[in-house]
Amino acid sequence: MFERKERGALPGLDDLWTRLPVPWRVCVELAWEAYQAGSLPIGAVVADAEGKVLSRGRNRIHERSGEDSHLYGHKLAHAEINALVTLDNDGRDPVECTLYTTTEPCPLCVGALRMSDVGGVRYAAREPWGGSVAMFEIVPYLKRGNVRVTGPEDEGLEAILVALLVERFLRLKPEVLGRFLATYEVIMPRAVEAGRRLYRSGALAGIGGADAPGMISVVGRELRSGV
């Protein structure tokens with residue numbers, strides 16, 4: 001059920017955007033859009049077996065408005081939930097579809113994925129604080145769904161997304177901030193430190209009008225500076 005990708009040295013970041021398949025590009029664009037809107041930088045899409053994007057969603061928990069059928073301004077307004085609830089299943093077998101998400105799904109989104117009958121999930125970055133794809137192996141109901149789980153897939157993309165998420169959490173300053181950062185520092189210290197530097201410099205606040213490749217360039221430069 002699980003597919004783990006081989007992990008080696010952090011690959012070059014300069015060509016990261018060009019080597020990303022369309023579903024991942026859309027996910028990153030949505031994550032950056034969520035960041036710019038003040039929410040957590042997490043984006044998700046549902047795609048068919050050929051990689052055609054069928055629905056999309058992003059985190060909207062800190063927003064007061066949203067698109068039709070998308071949750072917003074609520075703790076349940078997760079990217080994966082918004083992608084799943086806007087998927088039109090008419091004439092389509094959801095089992096053949098895959099949920100792509102920038103961040104390993106939490107318990108809420110793992111359960112929603114199973115109940116949606118979407119057959120697979122691919123995530124770009126581990127989430128040691130709340131990531132819960134392991135539930136697919138230990139909870140009988142979830143295990144029975146035989147959901148295909150793959151991730152993380154690209155170390156460069158993972159590092160970019162984790163640094164972006166850490167920077168956002170440092171700005172939001174939730175009560176769990178210290179414990180949240182500690183769990184990340186154990187397995188991704190380089191990305192966490194890059195996120196800290198981005199927060200101190202305010203570099204992301206200075207590129208508010210930039211597109212997703214522009215964000216990747218700024219975060220990637222910070223990751224390289226810590227080598």
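A search of the whole structure finds 0 disulfides. A disulfide here is a pair of cysteine sulfur atoms within 2.5 Å. This is a predicted model: local features need pLDDT of at least 70, side-chain atom pairs count only at pLDDT 80 or more, and totals for chains, interfaces and linings use all residues. Residues are numbered from 1 along each chain as its sequence is written, and side-chain values use heavy atoms, with hydrogens and water left out.

C97 is buried, at 1% relative accessible area. C106 is buried too, at 18%. Buried means under 20% relative accessible area, exposed over 50%, and partly exposed in between (1.4 Å probe, protein chains only).

L71 lies in the loop between β3 (53–58) and α3 (79–85). Helices (H or I, at least four residues) and strands (E, at least two) are DSSP runs, numbered from the N terminus. L71 is partly exposed, with 37% relative accessibility.

Next comes the largest pocket. Rolling a probe the size of a water molecule over the atoms shows where empty space is left. Which residues lie nearest the centre of the largest pocket? They are L40, N59, I61, H78 and F169, out of 25 lining residues. Two elements, α4 (107–116) and α7 (155–172), each give two or more residues to this lining. The largest share, 3 residues, comes from α7.

Key:
1 Å grid on protein atoms, 1.4 Å probe; cavity = no way out; pocket = protein on both sides within 12 Å on 5 of 7 lines; lining within 4 Å.
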